Amino acid sequence: ALQKKGRGCCPSMVDPCMFIWDDCILLVYVDDVLIVGKSKEAIESFISSLKTGTEAFEFTEQGSISRYLGVAVVRSQDPKCKSFELHQPYLINKIVEHIGLTVDVKWQENLIQLPYLHEDLDGPQCKQSWYYRSSVGMLSDLQVLSTTADRGIVYKPDPSLGIQCFVDADFAGSWSKADADNPENAMLHIGFVIMYAGCPVLWQSKLQTKIVLSTAEAEYFALSSAMCEVIPFMKLLEELSK
């Protein structure tokens with residue numbers, strides 16, 4: 001319906017969930033649509049085309065964006081400061097419900113600096129069936145979010161800055177002498193963050209299935225993985241600039 005003749009939305013070649021229409025950008029996720037435009041008039045014109053078109057769409061307008069897909073958007077109250085903050089106040093409750101903990105659990109500080117956890121081969125068998133990987137990942141998030149539930153990422157766009165990418169790699173950082181024969185302990189861990197206008201737009205921290213043989217190879221592999229995201233992002237910006 002968005003590409004219908006007369007409406008003329010152009011789908012992005014990079015992101016199939018993004019459409020471009022005159023001075024508007026549409027982000028579609030199932031039945032949730034976020035419309036960003038250069039002016040309020042442009043947005044209202046597109047909404048009007050949906051209402052008065054042959055499809056006669058019925059939908060709910062929620063006004064200026066304050067929440068999208070569980071992410072809360074808080075704009076700065078200072079008219080001179082064009083900044084906004086993204087945070088997820090609903091994520092904590094979801095994690096607590098999934099794991100069965102309480103938010104007032106006492107957490108050890110600097111969890112990120114602790115050594116990697118390894119399989120306890122001599123430990124007792126589990127008495128319950130649960131999703132270990134997802135639960136441990138959620139616990140890591142909860143450790144941070146429980147103390148900063150009302151805060152998030154503050155975006156202050158700086159037009160003078162373009163694309164920036166910061167990359168790092170951890171060569172065999174999870175290796176353990178106690179379990180030295182396990183190849184999983186020598187796997188590479190990479191991380192990167194892609195910035196635009198001084199704002200983080202894409203980031204990743206992931207344990208790879210590849211075993212590299214040197215720190216140099218680890219850095220090159222991490223850089224290559226980051227570029228697989230940087231290049232499509234550059235093409236996406238080219239689409240938006242047309």
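Which residue in E11 is the bridge partner of His189? In this predicted model, the bridge partner of His189 in E11 is Leu207. E10 and E11 run antiparallel and are joined by eight bridges.

The two strands belong to an open sheet of three strands, ordered E9-E10-E11, with antiparallel pairing. E9 (163–170) and E11 (199–207) are the edge strands; each has a single partner strand, so one side of each lacks a neighbour in the sheet. From one strand to the next, the twist averages 10°. In general, strands of a sheet pair through backbone hydrogen bonds, in either a parallel or an antiparallel manner.

Helix H4 lies across E9, E10 and E11 and runs at about 155° to E9.

The structure holds three aromatic pairs. One of them, formed by Tyr196 and Phe233, is edge-to-face, with 6.1 Å centre to centre and 75° between the planes. Tyr196 lies in strand E10 (residues 189–196) and Phe233 in helix H4 (residues 215–241), so this pair ties together parts that are 37 residues apart in sequence. The planes of this pair are 75° apart, and it counts as edge-to-face because the angle is over 60 degrees.

| Residue | Relative accessible area | Class |
|---|---|---|
| Tyr196 | 36% relative accessible area | partly exposed |
| Phe233 | 16% relative accessible area | buried |

Phe233 counts as buried because its relative accessible area of 16% is under 20%. Tyr196, at 36%, is partly exposed.

Note on methods:
Residues are numbered from 1 along each chain as its sequence is written. This is a predicted model: local features need pLDDT of at least 70, side-chain atom pairs count only at pLDDT 80 or more; totals for chains, interfaces and linings use all residues. Side-chain values use heavy atoms; hydrogens and water are left out. Rings of Phe, Tyr and Trp (its six-membered ring) pair if their centres lie within 6.5 Å; planes under 30 degrees apart count as stacked, over 60 as edge-to-face and the rest as tilted. Helices (H or I, at least four residues) and strands (E, at least two) are DSSP runs, numbered from the N terminus. Buried means under 20% relative accessible area, exposed over 50%, partly exposed in between (1.4 Å probe, protein chains only). Two strands pair if DSSP finds at least two bridges between them. Axes are lines fitted to C-alpha atoms, for helices over the stretch in contact, and angles run from 0 to 180 degrees between N-to-C directions. Contact means heavy atoms within 4.5 Å.
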